[in-house]
Amino acid sequence: MSVKRSLRTQLIFQYMVIVIVCMLIIPTAISELLDMQFRNFASERLRENESEIAELFAALYVQSGSWDICALLPMDADFLRWPMVTVQLTDEDGDEVRTYSRMSKREKRRGKSKENEPEILKEELIVSNRDILIDGRRVGGLRFLCVPFNFSPEGAFLRKFNRIMYYAVAFMLVTAGAIAFFMAVRISRPVLNAAKRAQQISRGNYQIEDKMESDITELSILIDSVDRLGSTLEAQEKLRRRLLSDVAHELRNPVTIIKSHLEAIEDGVWQPTPERIRLTVSEVDRLSQLIKEVERLTSIESAGHALALEKADVSQIIEKAALVFDPLYKNKGVTLKREVEAGVAAVVDAGKIRQAIENLLSNALRYTDAGGEVSVTMKKEGGDFTVEVRDSGIGISDKDLPYIFERFYRTDVSRARASGGLGIGLAIVKAIIDAHGGTISVKSKAGEGSRFTLKVPRRDIE
Ligand code: ADP
């Protein structure tokens, strides 16, 4: 099993790896580059100075015809622009005329102040030779002995620069560590809180104790989603509890009535007349109606899954659904009108679309009093077909309207009427329409009726 580390530790670790890698690479690269540049620069300047000195000696030789004048030049002559060089002048036979160097003083000075600095060994000096030629004849030679770069002032400067740079890197590492810690906390805290909140929700504690905030967009979305999940689950839980108590209550009534009727007959208080038997049977009907509703609960789960898509005539689906409801509407005294465009074909799950329409027609009938009117309209609209079920019934108040598609949601009016179902009909319709990639909308006003509109894609039937 992999070792689990907290998000904060992970983030700090990753930030630090990035920082350390960068800080090792960048200063090393800078140091190497500077070293290279300095070396190139130094050797170029040295070559230039060598040429100047060679020309100078050639000119002096031409003037006087011998090296005597050169032997009189001071040891630390000005032509030694490059202080790390010792120049040995030899005559045409190779005998030394004079050695010029500005280093001796400096060396002495160094010897006093920095005793521990290593001595430069003779073998370490960089040597280069040049002939002094006049009209193609070698009249003498120059030998340049240069202190290696590392011992030069430039080398010392570079070493100092590197030391400062590594101090700066150490300082930046500490600063970066602090920033990494701060950033990790900033990111991990809301995530941790959201995770704790999700854990609370999973344990059934839906109450939001204190609202969390984050100025990071994604984290803010995460927090909001977890909070919304909590409130949705809380609402569902309330609805579920209400449903259970409603079902228990509605089961109790007919059972009590049936039981009292049967006991009265058993005790001989009542004669089992056809009228009384019919009354008892109607209570049994109420019971079986309720059981049917409970069975419908399971169809919520299957409503949105496994569509059996096929090319179907939507016009016929609507007509058939309306036909089934005709006698029920007639019984209650509600008119059922239809305006169905003929021959509208679509790729749909015909059975489920019919179930959706029937649920809407059943609700319209349930919530419309005798004398009212319900109309069902279907027409093609571009790549979609729309179905509208409009009734002149009791309507839905603004307070209930946003929730009616939620499972188990029933308005108080529908419960008071005792005619409602269990608040699952519209949840099923919505699941079916969503699964078809369509939309469902409702317009309603209490007392003025309702209009449900479905818009379903026909899926490129042509
Ligand atoms: P139910 O089985 O209780 O009818 P639904 O999910 O079908 O459940 O509907 C949810 C609630 O929406 C109903 O309880 C009812 O209050 C309201 N409702 C649905 N359709 C209509 C309608 N045509 N007119 C008025 N109210 C309606």
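Biologist: Which element gives the most to the shell around the ligand?
Modeller: α8 does, with three residues. Elements are DSSP runs numbered from the N terminus: helices are H or I of at least four residues, strands are E of at least two. This is a predicted model, where local features need pLDDT of at least 70, side-chain atom pairs need 80 or more, and totals for chains, interfaces and linings use all residues. Residues are numbered from 1 along each chain as its sequence is written, and side-chain values use heavy atoms, without hydrogens or water.

Biologist: How many residues surround the ligand, and which are the closest?
Modeller: A residue counts as near if one of its heavy atoms lies within 4 Å. Here 20 residues surround the ligand. The closest are Asn363, Tyr367, Asp391, Thr411 and Leu426.

Biologist: How does the shell divide by class?
Modeller: Ala, Val, Leu, Ile, Met, Phe, Trp, Tyr, Cys and Pro count as nonpolar, Asp, Glu, Lys and Arg as charged, the others, Gly among them, as polar. The shell around the ligand has nine nonpolar, eight polar and three charged residues.

Biologist: How much of the ligand does the protein cover?
Modeller: On its own, the ligand has 520 Å² of accessible area (Shrake-Rupley, 1.4 Å probe; for residues, only the protein chains shown count as cover). The protein covers 99% of that.

Biologist: Which elements give two or more residues to the shell?
Modeller: They are α8 (350-366), α10 (425-435) and β11 (449-457).

Biologist: β11 is a strand. What is the strand order in the open sheet of five strands?
Modeller: Strands of a sheet pair through backbone hydrogen bonds, parallel or antiparallel. Two strands pair if DSSP finds at least two bridges between them. The order here is β6-β8-β9-β11-β10, with mixed pairing. β6 and β10 (439-445) are the edges, each pairing on one side only. The twist averages 10° from one strand to the next, with axes fitted to C-alpha atoms (for helices, over the stretch in contact) and angles of 0 to 180 degrees between N-to-C directions.

Biologist: Which strands pair in the parallel sense, and which in the antiparallel sense?
Modeller: β6 (335-340) and β8 (373-381) pair in the parallel sense over six bridges. Lys337 stands opposite Ser375 of β8. β8 pairs with β9 (384-391) in the antiparallel sense, over eight bridges. There Ser375 has Arg390 as its bridge partner. β8 and β9 form a hairpin with two residues between them, and Gly382 in the turn has a positive phi of about 60°. β10 and β11 run antiparallel, joined by seven bridges. Thr439 faces Lys455 of β11 across that pair.

Biologist: Which helices lie across these strands?
Modeller: α7 (314-332) lies across β6, β8 and β9, at about 170° to β6. α10 lies across β10 and β11, at about 25° to β11.

Biologist: What is the order in the sheet of four strands?
Modeller: It is β2-β1-β4-β3, open and antiparallel. β2 (96-101) and β3 (126-134) are the edge strands. Neighbouring strands are turned by 20° on average, direction ignored. Five bridges join β1 (85-91) to β2, and Thr86 stands opposite Ser101 in β2. Helix α1 (7-64) lies across β1, β2, β3 and β4 (137-146), at about 35° to β3.

Biologist: What does Gln88 touch?
Modeller: Contact means heavy atoms within 4.5 Å. Gln88 lies in β1. Not counting residues up to four places away in sequence, Gln88 touches Arg98, Thr99, Gly141, Leu142, Arg143 and Leu145. Gln88 and Gly141 are 53 residues apart along the chain, with C-alpha atoms 8.1 Å apart.
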